[in-house]
Amino acid sequence: MNNIQKFDELVAVLLAHLYENFPRRTEIDAFEFLDIEFEHRSFLDDSEGFEEHTNKCLEADFFLDTVLWLIDSGFLYGKIQNEVAGFYTSKKCIDITLSPKGLELLKLVPSSLDVSQSLGEKLVDTINKGAKDAGSKLVSEALTKFASVNQIISLLSNVGVNSL
């Protein structure tokens, strides 16, 4: 799976989770969210398992980078905690919730969906059924269309056309 596919899948699962819990701010441990068994330990005396440990940390970092991108893009509110102190590693999302922009995205009803369901509702159903691939496709399509609509609105406002 390439980075874009992995990103889309993580975004689908995360947005479904946040949509179900909206408006509560939640704390998400990256290792738990990714279902990664992680042991906090030091490799000073014994390097066995170091590579596996490093790969688990890289997976958690990719998740945190994904969340940070969503925060920077205005889809989420919250902050990232990525600390290593001795043999303890903490990789968490703190006070994460959908922003108004994120909620607006999930309330959209794309033409490819049944009109009775918003993107958020369809995403929750899809992820709960274990269809992460289908969820990632929904997210990819929605983010692309959402960005296009915002670019059009921005262009129109720059040339003096009143807001839609």
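Me: Where is Val-11 found?
Reply: Val-11 is found in helix 1, which covers residues 3–21. Helices (H or I, at least four residues) and strands (E, at least two) are DSSP runs here, numbered from the N terminus. Before we go on, this is a predicted model: local features need pLDDT of at least 70, side-chain atom pairs count only at pLDDT 80 or more, and totals for chains, interfaces and linings use all residues. Residues are numbered from 1 along each chain as its sequence is written, and side-chain values use heavy atoms, with hydrogens and water left out.

Me: Ok, is Val-11 buried or exposed?
Reply: Val-11 counts as buried because its relative accessibility is 0%. Buried means under 20% relative accessible area, exposed means over 50%, and partly exposed is in between (1.4 Å probe, protein chains only).

Me: Which residues is Val-11 in contact with, leaving aside its neighbours within four places in sequence?
Reply: Those are Thr-66, Leu-70 and Val-139. Contact means heavy atoms within 4.5 Å. Take Thr-66: it sits 55 residues from Val-11 along the chain, yet their C-alpha atoms are separated by 7.3 Å.

Me: And how do helix 1 and helix 3 pack?
Reply: Helix 3 is residues 50–72, and the two helices pack at an angle of about 70°, with axes 10 Å apart. Axes are lines fitted to C-alpha atoms, for helices over the stretch in contact, and angles run from 0 to 180 degrees between N-to-C directions. That angle makes helix 1 roughly perpendicular to helix 3; the label covers 65 to 115 degrees, while under 35 is roughly parallel, over 145 roughly antiparallel and the rest oblique.

Me: Which residues make that contact?
Reply: From helix 1 there are Asn-3, Lys-6, Phe-7, Leu-10, Val-11 and Leu-14. Helix 3 brings Glu-59, Phe-62, Phe-63, Thr-66, Val-67, Trp-69 and Leu-70. They divide into 9 nonpolar, 2 polar and 2 charged (Ala, Val, Leu, Ile, Met, Phe, Trp, Tyr, Cys and Pro count as nonpolar, Asp, Glu, Lys and Arg as charged, and the others, Gly among them, as polar).

Me: How many residues does the largest nonpolar core have?
Reply: The largest nonpolar core has 37 residues, and those with the most contacts inside it include Leu-14, Phe-63 and Leu-76. A nonpolar core is a set of buried Ala, Val, Leu, Ile, Met, Phe, Trp, Tyr and Cys residues joined through side-chain atoms within 4.5 Å. Helix 1 gives the most to this core, with 9 residues.

Me: Why would they group like that?
Reply: In soluble globular proteins, nonpolar side chains tend to be buried together.

Me: Switching topic: how many helices and strands are in the chain?
Reply: There are 6 helices and 3 strands. From the N terminus on, the order is α-β-α-α-β-β-α-α-α. Buried residues make up 38% of the 164 residues.

Me: Where is there a cis peptide bond?
Reply: A cis peptide bond joins Phe-22 and Pro-23, with omega about 5°. Pro-23 lies in the loop between helix 1 and strand 1, residues 26–29.

Me: What about Asp-35, buried or exposed?
Reply: Asp-35 is exposed, with a relative accessible area of 71%. Its place is in the loop between helix 2 and helix 3, and Asp-35 has a positive phi of about 55° although it is not a glycine.

Me: And where is Asp-95?
Reply: Asp-95 is in strand 3. Its phi is near 55°, a positive value in a residue other than glycine. At 37% relative accessibility, Asp-95 counts as partly exposed.
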